[in-house]
Amino acid sequence: MKNDIDIEITVPNHTRYLSLIGRIGENMAQELSSFTGDRDALGHHLNAVLTEALVNAIKHANGTDSDKKVRIQIHVSNGEMMIRVFDSGKGFDLGSIADSGCPDPLNEQGRGIYIIRSLMDSVEYRRAKGGNVLEMKKALG
Amino acid sequence: MNIKTETQGKVRILTVHEERLDAHNSEALKTEMLRLFEGGVLNVLVDLKEVRFIDSSGLGVLVSGFKNASTRQGTLKLCSLQSQVKSMFELTRLHRVFDIFLTVDEALDSY
């Protein structure tokens, strides 16, 4: 399709790249030609989702192994955005992270997947070649 | 992480001079808050006016500081949240946990 967008970027398994990837999400929100909603809010949400997904891959799936990489794909087509974050580690069990709403406010951890689930329409985590992929969809209504 | 510390009366103000408070840099804030509480400081105010983005790790560090303060009968208060930062507090319901003020002066008046 004429207005489809495909972005793929691979970064070392390090949190210093969070800002770079988050900014890509923010900038994308300003460029989506068919989106008519609040671009600043969408940009912030994409920044948050990409940041949380990348942290999950770096710390939980790849176990902060500096030899590993994280690959991010962003695909926009037919009014829908698909974000895939590929890790190359042993992964984590998304099902074990209870989908029971907002975590206890006094917990110091455990908000990342909740934030992703809150800001995207669907979230799946499954095995992929050489690792796992966190797959997140959002309708751009 | 670039953090400026100053004292106003009985309150220690930590101003975070970063655009992001995230998994890459937030441990430094956690360490600094813990150092203050362990050193006997009771009242800490974190000024977030320059922070445009916060992630779950940044939120977790502030919760850690809040708990450290409460354990010592101290306080951890926040001020000057930008709109996107405020929205993350609301999404995670942490706005019900923290005392959050619009400005440093308003926060200082609360002590």
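The model is predicted.

Start where the chains meet. On chain A, 26 residues are in contact with 23 residues of chain B. Together the two chains bury about 2,100 Å². Carbon and sulfur atoms give 59% of that area.

Three salt bridges are counted between chain A and chain B. One of them joins A:Glu26 to B:Arg52. The closest N and O atoms of that pair are 3.0 Å apart. Polar contacts between the two chains number nine residue pairs.

Now look at the chain A side. Three helices of chain A each supply at least two residues to the side that touches chain B: H1 (18-31), H2 (39-61) and H3 (112-119). H2(A) gives the most, with eight residues. Sorted by class, the chain A side holds nine nonpolar, 10 polar and seven charged residues.

Turn to the sheet in chain B. Strands pair through backbone hydrogen bonds, in either a parallel or an antiparallel sense. Here five strands of chain B form an open sheet with mixed pairing. Their order is S1-S2-S4-S6-S7. Strand S1 (3-8) and S7 of chain B are the edge strands. Each has a single partner strand, so one side of each has no neighbour in the sheet.

S6(B) and S7(B) pair in the parallel sense, over two bridges. B:Leu78 stands opposite B:Ile100 of S7(B).

Two loops of chain B deserve a look for their backbone angles. Most residues other than glycine have a negative phi. B:Gln73 has a positive one, near 60 degrees. B:Gln73 sits in the loop between helix H2 (56-71) and strand S6 (75-79) of chain B. Is B:Gln73 buried or exposed? B:Gln73 counts as exposed because its relative accessibility is 69%, and the cut-off for exposed is over 50%.

B:Arg93 also has a positive phi, near 65 degrees. This residue lies in the loop of chain B between helix H3 (83-91) and strand S7 (100-101). The relative accessible area of B:Arg93 is 37%, so B:Arg93 is partly exposed. That class runs between the buried limit, under 20%, and the exposed limit, over 50%.

The two loops lead back to the sheet. The loop with B:Gln73 ends at S6 of chain B, and the loop with B:Arg93 ends at S7 of chain B. S6(B) and S7(B) are the parallel pair described above.

Technical notes: Residues are numbered from 1 along each chain as its sequence is written. Chains are lettered from A and ligands numbered from 1 in the order in which they are written. This is a predicted model: local features need pLDDT of at least 70, side-chain atom pairs count only at pLDDT 80 or more; totals for chains, interfaces and linings use all residues. Side-chain values use heavy atoms; hydrogens and water are left out. Contact means heavy atoms within 4.5 Å. Buried area is the accessible area (1.4 Å probe) that two parts lose on being put together, summed over both. A salt bridge is a side-chain nitrogen of Lys or Arg within 4 Å of a carboxyl oxygen of Asp or Glu. A polar contact is a pair of N or O atoms within 3.5 Å; within protein, one must be able to donate a hydrogen and the other to accept it, and residues adjacent in sequence count only if both atoms are side-chain atoms. Helices (H or I, at least four residues) and strands (E, at least two) are DSSP runs, numbered from the N terminus. Ala, Val, Leu, Ile, Met, Phe, Trp, Tyr, Cys and Pro count as nonpolar, Asp, Glu, Lys and Arg as charged, and the others, Gly among them, as polar. Buried means under 20% relative accessible area, exposed over 50%, partly exposed in between (1.4 Å probe, protein chains only). Two strands pair if DSSP finds at least two bridges between them.
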